Amino acid sequence: MRMDCDLLVIGSGAAGLSAAVTAAHHGLDVVLAEKEPVLGGTTAWSGGWIFAPRTHLARAAGIDEDPDAPRRYLRAVLGPNFDPALVEAFLTYAPRMAAFFDRRTALQFQPGLHIPDTYGHQPGAGTGGRSLIAAPYDGRRLGRLIGLLRPPLRETSFLGMTIQAGPDLRAFLTATRSARSLLHVTRRLGRHVWDLARHRRGMQLRNGQALVARLLVSAQAAGVRIMAETPALRLLQAEGGVAGAVLATRGGEMAVHARRGVVLATGGFPHDRDRVRRLFLAAGHHRTLAVPSARGDGLRMGEEAGGVQALDLASPGAWCPVSRVAWPDGTGGTFPHIIDRGKPGLIAVLADGRRFCNEGLGYHDFVSDLLAATPPGRAPEAWLICDHRFLRRFGLGIVRPAPVPIRPWLASAYLRRGDTPEALAAACGIDPHGLAETLRRWNRDAAEGRDPDFGRGTTAYMRLQGDPEQRPNPCVAPILRAPFYAVQVGPGSFGTFAGLRTDAAARVLDRVGRPIAGLYAAGTDMASVMGGHYPAGGINLGPALTFGHIAALHAADALDKELP
């Protein structure tokens, strides 16, 4: 069987959908192939935040930065991994990408006006306006497309309802202390229960769910031909480059001939055991939050066509501490510890009871510090420690704050409890003297709002993660009120950084650095423009959308014609 098109996009996450929608809007006949029966990839499970400095939305809110500030910041953080051409392409086209989607498609954004970059001490660090998130979306407007939208991750939603960081999340955390928050939560839950009864899934789409839903609607409106349950088997190579791919359909193999080329956007290699074993430290202890189908298909096909995987990045993966969840129905899951680590009244310790990092810094830094602090031959594991007040106020991991019961998580041993620090240590296998001494020192300094060991609360990023009601330091509070609790965490990832080498137009490069005609890579199939660093939230989705957009513009001969 044969099919012809202008551009073939393989993968349906943020990068693939961005490329498909952009190309179709510029007059190309686009086919989008997805191996799974649902679309969205890991994007649909994500928090949905997008790093995109200097957008029209930031300027409209009065944040008009020096154009060189984001560049200075990335140069300082990325160090030797700073690639001038890739960074320049990203900084130039990220605001253009945002303007294109916001003005011409169903993908509208809300700006993160108060979200700072992670390393506020570095030159050029932003204090707000460099982040975007897709505006919430009513899933009922998707019509039949709702069946193609990947459901949210069970561990990061509440009864299947996504909660957005910012005012929405704050309302859920303060529902027992604020009448206004309680009203917001009651309305959200009431609508969600109705949606479950009527539609058998949540329809108040937020975070990555809203991003994918809006891109799906945009793809349909632009005429993109979407083929679900259609994995790509191999690329079609012609003299001078790539001319399409062979797809596996229910009726057999189909050769899709793409006149303008192929975009690889299959989600990287977090479930490719061989690559993970070769590239990840403590690979046997790693748990990824990426969708199971992300098995390195794009990298394999790209390498078969002459492409090269980047192996010189600072990190091969986008790290995040995770805990293992055992659900009452016997299934298991993985919870990403993004929010709880920065709240006041929590510390992280190793088996000897000592702290090893600034818990409130970035999640990528937490895992890097954990791997560095783990003695040779030991499993990279840590414990998040808090008291009863913290647990019922903020929750811990999958354990939700009051009034949600904690008994099931105690019964499954996900949550450990002790009436004294020593008893908690015994329940966790932590050195009791080490933990007691660490808590004594922490409580002594926390009484004055200080963290002399690691500097919690010393940057705008950390303070945003804290609790404004905690004075004088929103990130530091004593751990005093028994009983005491702990959850074990280990290394995890949102996905991979070590994709195929590309140029600034997202074209895959061969071993001598020449672009392979007709072959593009975006998202995690492309080597991260951040060089294996994590300078801000949203640095996965921001480049994914941007370089998917760039790849499509290049394929449509419109790369230099697109205006802000």
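Predicted model: local features only at pLDDT ≥ 70, side-chain atom pairs only at ≥ 80, totals over all residues.
**A chat about burial, helix packing and backbone**

Student: How does Arg 389 count at 36% relative accessibility?
Tutor: Arg 389 counts as partly exposed, because its relative accessibility is 36%. Buried means under 20% relative accessible area, exposed over 50%, and partly exposed in between, using a 1.4 Å probe and protein chains only.

Student: Which helix holds Arg 389?
Tutor: Arg 389 belongs to helix H11, residues 388-394. Helices (H or I, at least four residues) and strands (E, at least two) are DSSP runs, numbered from the N terminus.

Student: And what does Arg 389 touch, not counting residues up to four places away in sequence?
Tutor: Gln 470 and Arg 481. Contact means heavy atoms within 4.5 Å.

Student: New topic: His 56. Is His 56 buried or exposed?
Tutor: His 56 is buried, because its relative accessibility is 14%. You'll find His 56 in helix H2, residues 56-60.

Student: Which side chain makes a polar contact with the side chain of His 56?
Tutor: That of Asp 102, at 2.9 Å. A polar contact is a pair of N or O atoms within 3.5 Å; within protein, one must be able to donate a hydrogen and the other to accept it, and residues adjacent in sequence count only if both atoms are side-chain atoms. Leaving out residues up to four places away in sequence, His 56 touches Ala 98, Ala 99, Asp 102 and Arg 103.

Student: Can we look at helix packing? At what angle do the axes of H4 and H16 cross?
Tutor: Roughly 85°, and the axes of H4 and helix H16 (residues 541-555) come within 8 Å. H4 and H16 are therefore roughly perpendicular to each other. Axes are lines fitted to C-alpha atoms, for helices over the stretch in contact, and angles run from 0 to 180 degrees between N-to-C directions. Angles under 35 degrees count as roughly parallel, over 145 as roughly antiparallel, 65 to 115 as roughly perpendicular and the rest as oblique.

Student: What sort of residues make up the contact of H4 with H16?
Tutor: They divide into 13 nonpolar, three polar and one charged. Ala, Val, Leu, Ile, Met, Phe, Trp, Tyr, Cys and Pro count as nonpolar, Asp, Glu, Lys and Arg as charged, and the others, Gly among them, as polar.

Student: How far apart are the axes of H1 and H4?
Tutor: 12 Å, with helix H1 (residues 14-25) and helix H4 (residues 84-104) packing at an angle of about 70°. That angle is why H1 counts as roughly perpendicular to H4. On the H1 side the contact is made by Ser 18, Val 21, Thr 22 and His 25, and on the H4 side by Phe 100, Phe 101 and Arg 104.

Student: Last one, the backbone. Which residue is joined to Pro 472 by a cis peptide bond?
Tutor: Arg 471, with omega about 0°. The peptide bond from Ala 482 to Pro 483 is cis too, with omega near -5°. Pro 472 sits in the loop between H15 and S18, and that loop is also the place of Pro 483.

Student: What about phi of Ala 506?
Tutor: Ala 506 is not a glycine, yet has a positive phi of about 70°. Most residues other than glycine have a negative phi. Ala 506 is buried, because its relative accessible area is 0%.

Definitions and conventions. Residues numbered from 1 in each chain as written. Heavy atoms only, no water.
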